[in-house]
Amino acid sequence: MNQATKLLCPRIAIAFDFDRTLIPDDSFHLLLKNCQLDVDDFIDNRVDPLFANGWDRYLAKAYCLVKESQQRKDNKITQSKLVELGKKLKLYDGVTSMFELLQQKVKGIDPEIELEFYLISGGFADIPRSTSIAKYFKRIWGCEFQYGDRGEIEFIKRQMTHTEKTRYLYYLSKGIEKDNEKDLIYNYQDLSEDKIHVPLSQVIYVGDGSSDIPCFTVINQYRGIALGVYPQNCTADEWKYLEKINYSQRVSGLVPANYQKNSQLIRSLLLAIDCIGKRIALRKLNLE
Ligand SMILES: [Mg+2]
């Protein structure tokens, strides 16, 4: 290797959205139901009026939930409600076995390549953090509540807007962990590759909807691989965000959210890993 050749980073990352990407539902709606609240009534009559009044949607949702909890004498909305929900969440078919399957694939290409998984959710992170698949993710990012002494929700301490999701792509790429999170990224383009944990060109992003579109743009900009998923009971042409996608946001594949062996999605992920793995192998030849 010399200064004329690109640096080698033997690492691949896959970042997933959560709601309707790894689970068939919206976890906020499930949380409302778990708190004996009517989803439509809560959104239409509590959240939407705030939104119309200039509130950010994520803050409005959290505020309404905090208000609801404060009004309750008992059966407060607590962290354990989010944990309980996470534990019983229904995942899409095949999700649980996917992580091992993809790890095997990477080992087959080159045992020196590391594969890491990340979750970037627009929902409340304590829900995915309590699922059986949480252990596979290096980091889980999402909205966060501040909890009181008895675990009741008090405030939203971190929100995850659609554009903010991209910030965490830069975080995972730079290798920003909890303890160095103050090292915010304003200069990503100018970072040399030896300062990067995993280049965005070696990141695969999987998402289902409008909250993921800014991430599709960033992934495309840096030549990573973006994959879109849609519910199994519809077709690619019925994907409801079709009209919203611009040229720069187009994904490499749009397939049903089915993670079972040999599904289009699993085959897409294996091919995406193959593509990036071969780019890494090409650079590695320089070291021989
Ligand atoms: Mg989603």
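This report describes the fold, sheet, core and selected loops of a predicted model.

## Overall form

The protein chain has eight helices and seven strands. A compact globule of 288 residues would have a radius of gyration near 19 Å; the chain has 20 Å, which agrees. Along its principal axes, the C-alpha trace spans about 70 × 40 × 35 Å.

Buried residues make up 37% of the 288 residues. Among contacts with a separation of 6 or more, 65% join residues 24 or more positions apart.

## The sheet

Seven strands form an open sheet with mixed pairing. Their order is E4-E3-E2-E1-E5-E6-E7. Strand E4 (153-158) and strand E7 (253-256) stand at the edges. Each has a single partner strand, so one side of each is left without a neighbour in the sheet. Neighbouring strands are turned by 25° against each other on average, direction ignored.

At one end of the order, E3 and E4 pair in the antiparallel sense over four bridges. Tyrosine 147 stands opposite isoleucine 153 in E4. Helix H6 packs on this sheet and touches E1, E2, E3 and E5. The direction of H6 makes about 155° with that of E2.

Is strand E6 enclosed or open? Six of the six residues of E6 (residues 225-230) are buried, so this strand is largely enclosed by the rest of the structure. Both faces are covered. Ile225, Leu227 and Val229 are buried on one side; Ala226, Gly228 and Tyr230 are buried on the other.

E5 and E6 run parallel, joined by four bridges. The bridge partner of valine 206 is leucine 227 in E6. From E5 the chain crosses through H7 to E6, and this β-α-β crossover is right-handed. E6 also pairs with E7 in the parallel sense, over four bridges. Here glycine 228 has leucine 254 in E7 as its bridge partner.

## Helix H6

Helix H6 covers residues 164-174. Eight of its eleven residues are buried, so the helix is largely enclosed by the rest of the structure. The buried residues are Lys165, Thr166, Tyr168, Leu169, Tyr171, Leu172, Ser173 and Lys174.

What covers them includes strand E1 (11-16), strand E2 (114-124), strand E3 (137-147) and strand E5 (203-207). Helix H7 (213-221) is also part of this cover. Glycine 175 follows H6, with a positive phi near 90°.

## The nonpolar core

Nonpolar side chains tend to be buried together in soluble globular proteins. In this model, the largest nonpolar core has 75 residues. Ala15, Val203, Ile204, Tyr205 and Ile219 have the most contacts inside this core. Helix H8 (residues 264-284) gives the most to the core, with six residues.

Which residues does valine 203 touch, leaving out those up to four places away in sequence? They are Ala13, Ala15, Leu169, Ser173, Val198, Ile219 and Gly224. Of these, Leu169 and Ser173 are among the buried residues of H6.

## Helix H1

Helix H1 spans residues 27-34. Its buried residues include Ser27, Phe28, Leu30, Leu31 and Leu32. What covers the buried residues of H1 includes helix H2 (39-52), helix H3 (57-71), helix H4 (79-88) and E2. E2 is also part of the cover over the buried residues of H6. Just after H1, glutamine 36 takes a positive phi of about 55°.

Serine 97 lies in helix H5 (residues 95-109). With 13 C-beta neighbours inside 10 Å, serine 97 counts as partly exposed. Its C-alpha atom and that of glutamine 260 are separated by 8.0 Å, although these residues are 163 residues apart along the chain.

Asparagine 75 lies in the loop between H3 and H4. It has a positive phi of about 55°, although it is not a glycine. Asparagine 75 is exposed, with 10 other C-beta atoms within 10 Å. Asparagine 262 lies in the loop between E7 and H8. Its phi is positive, about 70°, and it is not a glycine. With 10 C-beta neighbours inside 10 Å, asparagine 262 counts as exposed.

Methods:
Residues are numbered from 1 along each chain as its sequence is written. This is a predicted model: local features need pLDDT of at least 70, side-chain atom pairs count only at pLDDT 80 or more; totals for chains, interfaces and linings use all residues. Helices (H or I, at least four residues) and strands (E, at least two) are DSSP runs, numbered from the N terminus. The radius of gyration is taken over C-alpha atoms; the globule rule is 2.2 Å times the number of residues to the power 0.38. A residue is buried if 20 or more other C-beta atoms lie within 10 Å of its own, exposed if 12 or fewer, and partly exposed in between; C-beta atoms are placed from the backbone. Two residues are in contact if their C-beta atoms, placed from the backbone, lie within 7 Å. Two strands pair if DSSP finds at least two bridges between them. Axes are lines fitted to C-alpha atoms, for helices over the stretch in contact, and angles run from 0 to 180 degrees between N-to-C directions. A nonpolar core is a set of buried Ala, Val, Leu, Ile, Met, Phe, Trp, Tyr and Cys residues joined through C-beta atoms within 7 Å. A crossover is right-handed if, with the strands pointing away from the viewer, the path from the first strand over the helix to the second runs clockwise.
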